[in-house]
Amino acid sequence: MTSNARLDHRDPLVFDTHELGRRPGAQQRLSRTIDAPKDLGLQGVIGVPEGAPVELDLRLESVMEGVLVTGTARAQAEGECVRCLEPLELALVAEFQEMFSYPDADDRGRPKAEPVDDAEEDEDRLFIEDGLFDLEPVLRDAVVLALPMQPVCQDGCLGLCSECGERLTDDPDHHHDAVDIRWAALQGLAGSLEDGEKDKMSGDEPRSARAAEKQEK
Ligand SMILES: [Zn+2]
Ligand SMILES: [Zn+2]
């Protein structure tokens, strides 16, 4: 076995298969609400806060090799919008299916592999130990897969103004007249020549003058 510590049946993410038994085809449904473990989600992006309720619905199915676990986890995830940094919440639904093998199924079924291969494979495989299995790695993977890598507060969030940091979604028409210092200088010049009647920055720019000509043709 690769695990260092024995599974503890008091751990909320450890499930007991004794009641299910080993007769292939036997099924059992289990529901449990647990406190989210630490760092459940995409660190620094979005995740389920530690201690928040996570509703688990599992179906255990006994097969020859072990127990096939199919399930759903539901929780509220919290993070912030990658565009405007506004806090956001989303209802997370993570589905998973995983095989937990009986440790002895290994010896029966397959020829002994090279020790190196064996070690590699054992890292990926999950086992039932003393009739118990640990859902935690399965839950962690499922939650990460179900969460958005780039969460946004709403579709089409406009992000923040690069000038002043205001949230553009709150004020889509938001703009600054002086976009950069050169434009500011030009605007100042235009303003001093005639008093602001014409629309900003058009008259003194050869390129926009040419564009205007083109439009007239
Ligand atoms: Zn946003
Ligand atoms: Zn701004």
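Visitor: Is Arg23 buried or exposed?
Guide: Arg23 counts as exposed, because 7 C-beta neighbours lie inside 10 Å. The cut-offs: a residue is buried if 20 or more other C-beta atoms lie within 10 Å of its own, exposed if 12 or fewer, and partly exposed in between, with C-beta atoms placed from the backbone. As for the source, this is a predicted model, in which local features need pLDDT of at least 70, side-chain atom pairs count only at pLDDT 80 or more, and totals for chains, interfaces and linings use all residues. Residues are numbered from 1 along each chain as its sequence is written, while chains are lettered from A and ligands numbered from 1 in the order in which they are written.

Visitor: Where does Arg23 sit?
Guide: Arg23 is in the loop between strand E1 (14-16) and E2. Its C-alpha atom is separated by 7.9 Å from that of Met64, 41 residues away along the chain.

Visitor: What is the secondary structure of the protein chain?
Guide: Five helices and nine strands. Helices (H or I, at least four residues) and strands (E, at least two) are DSSP runs, numbered from the N terminus. The order from the N terminus is β-β-β-β-β-β-β-α-α-β-β-α-α-α.

Visitor: Which strand pairs with E5 in the antiparallel sense over eight bridges?
Guide: E6 does; E5 covers residues 53-62. Two strands pair if DSSP finds at least two bridges between them. E5 and E6 form a hairpin with three residues between them, and Glu61 has Leu68 in E6 as its bridge partner.

Visitor: And how many bridges for E6 and E7?
Guide: There are 15, with E6 and strand E7 (residues 87-101) antiparallel. Ala73 stands opposite Ala94 in E7. This hairpin has six residues between the strands, and Leu85 takes a positive phi near 70° there.

Visitor: What about E4 and E6, how many bridges join them?
Guide: Two bridges join strand E4 (residues 46-48) to E6 (residues 66-80), and the strands run antiparallel. Gly47 stands opposite Glu78 in E6.

Visitor: Where is Asp130?
Guide: Asp130 lies in the loop between strand E8 (126-127) and strand E9 (132-134). Its phi is near 50°, again positive in a residue other than glycine. With 12 C-beta neighbours inside 10 Å, Asp130 counts as exposed.

Visitor: On to the helices. Which residues of H3 are buried?
Guide: In helix H3 (residues 136-146) they are Val138, Leu139, Ala142 and Val143. They sit on the same side of H3, because they cover an arc of only 125° around the axis. The arc is that of the directions from the helix axis to the C-beta atoms. In general, an α-helix has 3.6 residues a turn, so residues three or four places apart point the same way.

Visitor: What do the buried residues of H3 pack against?
Guide: E3, E4, E6 and E7. The face turned away from the buried side carries the exposed residues Pro137 and Leu145.

Visitor: Last one: what share of the protein chain is buried?
Guide: Buried residues make up 18% of the 217 residues. Among contacts (C-beta atoms, placed from the backbone, within 7 Å) between residues at least 6 apart in sequence, 60% join residues at least 24 apart.

Key: Two residues are in contact if their C-beta atoms, placed from the backbone, lie within 7 Å.
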